[in-house]
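Here is a walk through one protein chain, taken step by step. Keep the sequence and the 3D view open as you read.

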Amino acid sequence: AGYMKDFLFQPEQIRTPIKNLSGGERARLMLARMLAKPSNLLILDEPTNDLDIETLDLLQEIVAGYAGTVILVSHDRDFLDRTVTSTIAPVDPDAPDGRWIEYAGGYTDMLQQRKGMADEKRRADKAEKAKTDSTAPAATKAKGKLSFKQKFALENLPKDMAKAQDEIATSERKMADPKLFAKDPSAFSKLAAETAKLRDRVAKMEEEWLELEMLREQIEG
């Protein structure tokens, strides 16, 4: 009776025929039966489908507190954010190529990291294009010279970018630790948001540096 109370059953329901249970009660009974035996692995396929609020909350507690490994397939984004420590998803769902990556954290964290990777790819493509353009003969030679502010930025932006990249790498190492998300989801989300801002900052610095470098090459001709 004590075990069944953990799954929100009242003592008088113990001998109730299964056919008389509601859909939510049957789902809780299946959970109780599944967890009655010792295990270190759970595989759940769309476990939140057709659950009432009480059973959904119970399932969330069970998954979050399970001592073993849980492999979970779900379209319930909120449930994933509240329970999982890592998410496996395609690199680009809009142009699937068969490549999947493990991201630290839940669904929302995965979206932030995927965006960061896409931004880095765009920056790399832009840098490659700028490099190609800089090797082509210039139609006209730029006049004048770099201002003091432009020279200062050209010299210091690489150091600022390297420092920011080190901070991003440190943050990514912290987020890769599943214990962080399990222990403090809010701290994980805050760190992911700060990392996304750092990536945006690096992107802007790289664009500024590329523009200044191209201008310098045109002036020096």
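Start at leucine 80, which counts as buried at 9% relative accessibility. The cut-off for buried is under 20%. Bear in mind that this is a predicted model. Leucine 80 is found in helix H4. Which residues does leucine 80 touch, not counting those up to four places away in sequence? They are Leu72, Ser74, Gly106 and Tyr107.

Now look at the nonpolar core. The largest one has 20 residues. Phe7, Leu59 and Leu72 have the most contacts inside this core. Which elements give two or more residues to this core? Four helices do: H2 (23–34), H3 (53–65), H4 (77–83) and H5 (107–135). H3 supplies the largest share, four residues. A second core is separate and has 12 residues. Met161, Ile168, Val202 and Met205 are among them.

Go back to leucine 59. Set aside its neighbours within four places in sequence. Leucine 59 is then in contact with Leu31, Leu44, Pro47, Thr48, Leu51 and Phe79.

Next, turn to the surface. Leu41, Ile43 and Ile71 form a nonpolar patch there. Together these residues have about 300 Å² of accessible area. Leucine 41 sits in strand E1, residues 41–45. Is leucine 41 buried or partly exposed? Its relative accessible area is 43%, so leucine 41 is partly exposed.

Past strand E1, look at the loop between E1 and H3, where glutamate 46 lies. Glutamate 46 has a phi near 50 degrees, a positive value in a residue other than glycine. Most residues other than glycine have a negative phi. Glutamate 46 is also buried, with a relative accessible area of 19%. The limit for that label is under 20%.

Charged pairs come next. Side chains of opposite charge can pair when their charged atoms come close. How many salt bridges does the count give? The count comes to 10.

Take glutamate 54 and arginine 28. They form a salt bridge, with the closest N and O atoms 4.0 Å apart. Glutamate 54 lies in helix H3 and arginine 28 in helix H2, so this pair ties together parts that are 26 residues apart in sequence. Arginine 28 is buried, at a relative accessible area of 4%.

Another salt bridge joins the side chains of arginine 99 and aspartate 97, at 2.7 Å from N to O. Aspartate 97 counts as partly exposed, with 44% relative accessibility.

Arginine 199 and glutamate 172 also form a salt bridge. Their closest N and O atoms are 2.4 Å apart. What does this pair tie together? Arginine 199 lies in helix H8 (residues 185–220) and glutamate 172 in helix H6 (residues 148–175), so the pair links parts that are 27 residues apart in sequence. Arginine 199 counts as buried at 5% relative accessibility. Glutamate 172 counts as partly exposed at 34%.

Lys115, Asp119, Arg122 and Asp200 are linked in a network of salt bridges.

Stay with helix H8, where threonine 195 lies. At 1% relative accessibility, threonine 195 counts as buried. Leaving aside neighbours within four places in sequence, threonine 195 is in contact with Ile168, Ser171 and Met175. Ile168 is one of the residues in the second core. Where does lysine 5 stand relative to threonine 195? Their C-alpha atoms are separated by 43 Å, and the two residues are 190 apart along the chain.

Finally, step back to the domains. The domain assignment gives domain 1 (1–84) and domain 2 (148–220). How many Å separate the centres of domain 1 and domain 2? Taken over C-alpha atoms, the separation is 43 Å.

Methods: Residues are numbered from 1 along each chain as its sequence is written. This is a predicted model: local features need pLDDT of at least 70, side-chain atom pairs count only at pLDDT 80 or more; totals for chains, interfaces and linings use all residues. Side-chain values use heavy atoms; hydrogens and water are left out. A nonpolar core is a set of buried Ala, Val, Leu, Ile, Met, Phe, Trp, Tyr and Cys residues joined through side-chain atoms within 4.5 Å. Buried means under 20% relative accessible area, exposed over 50%, partly exposed in between (1.4 Å probe, protein chains only). Contact means heavy atoms within 4.5 Å. Patches are made of residues with over 30% relative accessible area and no salt bridge: like charges are joined within 9 Å, nonpolar side chains (Val, Leu, Ile, Met, Phe, Trp, Tyr) within 5 Å. Accessible areas come from the Shrake-Rupley method with a 1.4 Å probe; for residues, only the protein chains shown count as cover. Domain bounds come from an automatic or database domain assignment.
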